[in-house]
Amino acid sequence: MNYFLVISGRKLRLAAAICAGICLAGCLAIGMGKTVAAAATERDLPIYSVEREEKVCSLTFDAAWGNEDTQQLIDILQKYDITATFFVVGEWVEKYPESVKALSDAGHEVMNHSSTHPHMPELSCDQMIEEVQSCNEKIEKITGTCPTLFRPPYGDYNDSVVSTMRSIGMYTIQWDVEALEWIKVIHKKAPHVCRRSRKRPVYFVISVGSPPARWEREAGGQLE
């Protein structure tokens with residue numbers, strides 16, 4: 001015996017609408033789940049580069065130890081009409097105030113690289129602020145300008161470092177190309193970097209002076 005199920009057009013449309021609603025709800029739930037997951041993993045990042053139409057790069061130097069080549073750098077930059085940004089450590093400012101003044105007088109930016117060159121993520125928020133504000137005060141006393149840019153020592157940062165700097169009006173600056181002259185390869189890498197053409201200006205970092213032995217050890221023996 002054969003049985004036939006008869007469904008009216010109205011019931012069929014209702015069933016289709018219910019199925020469509022269930023599918024839509026499932027898709028929305030999946031999409032919201034992905035959005036929540038993405039938000040949960042989003043990091044607070046420093047500035048690595050800035051979009052520009054011109055093909056340019058931002059040249060930066062980190063000064064945390066000796067000053068034996070500072071005047072030579074100033075002379076070279078002046079020769080080629082280049083303005084750079086120098087991120088200096090507070091202890092370096094105290095030791096070489098004449099170099100800080102010379103950099104500022106030559107038209108270069110003198111910005112913050114912490115007061116004692118610690119690993120910033122290991123500090124509390126209050127300790128981070130003290131590190132940076134102490135260095136700011138030392139720089140401003142010589143240059144007359146309070147820094148607004150901060151480069152974390154060793155390039156070491158986390159969300160707390162970036163957000164804490166933002167809370168005191170400081171921008172955290174990293175780099176996207178490193179000269180690596182402190183591990184003796186600048187002669188290989190620098191020409192390549194200078195030949196690159198791009199609309200996204202690179203923050204090109206070079207260190208000033210020779211690193212002390214303890215920083216060589218922290219670099220994992222890369223200086224050998």
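**Helix packing and its surroundings**

Tutor: The protein has 8 helices and 7 strands in its secondary structure (DSSP runs: H or I of at least four residues for helices, E of at least two for strands, numbered from the N terminus). The model is predicted, so local features need pLDDT of at least 70 and side-chain atom pairs pLDDT 80 or more, whereas totals for chains, interfaces and linings use all residues. Residues are numbered from 1 along each chain as its sequence is written, and side-chain values use heavy atoms, with hydrogens and water left out.

Of the 224 residues, 37% count as buried (under 20% relative accessible area; exposed is over 50% and partly exposed in between, with a 1.4 Å probe and protein chains only). Among contacts (heavy atoms within 4.5 Å) with a separation of 6 or more, 75% join residues 24 or more positions apart.

Let us begin with helix H5 (residues 125-143) and helix H6 (residues 159-167). Their axes, which are lines fitted to C-alpha atoms over the stretch in contact, come within 10 Å and cross at roughly 55 degrees. This angle, on a scale from 0 to 180 degrees between N-to-C directions, makes H5 oblique to H6 (under 35 degrees is roughly parallel, over 145 roughly antiparallel, 65 to 115 roughly perpendicular, and the rest oblique). On the H5 side, Cys125, Met128, Ile129 and Val132 meet Ser160, Val161, Thr164 and Met165 of H6. By class, this contact of H5 with H6 comprises 6 nonpolar, 2 polar and no charged residues (Ala, Val, Leu, Ile, Met, Phe, Trp, Tyr, Cys and Pro are nonpolar; Asp, Glu, Lys and Arg are charged; the others, Gly among them, are polar).

Within H6, the buried residues are Val161, Val162, Thr164 and Met165. They lie on the same side of H6, because their arc around the axis is only 170 degrees (taken from the directions from the axis to the C-beta atoms). The cover over these buried residues of H6 includes H5, strand E4 (149-150) and strand E5 (171-172).

A second pair can be set beside this one. Helix H2 (residues 70-79) packs with helix H4 (residues 97-105) at about 5 degrees, and their axes are 10 Å apart. H2 is therefore roughly parallel to H4. Thr70, Gln71 and Ile74 of H2 make this contact with Ser99, Ala102 and Leu103 of H4. The contact of H2 with H4 has 3 nonpolar, 3 polar and no charged residues.

H2 also has a buried side, formed by Thr70, Leu73, Ile74 and Leu77. These residues fall within an arc of 100 degrees seen down the axis of H2, so they line one face of the helix. On the face turned away from that side, H2 carries the exposed residues Gln72 and Lys79. Just after H2, Asp81 takes a positive phi of about 55 degrees.

Finally, consider a strand residue. Phe87 belongs to strand E2 (residues 85-88), and with a relative accessible area of 1% Phe87 is buried. Not counting residues up to four places away in sequence, Phe87 touches several residues, including Thr60, Met111, Leu149 and Ile173. Thr60 is 27 residues from Phe87 in sequence, with 7.4 Å between their C-alpha atoms.
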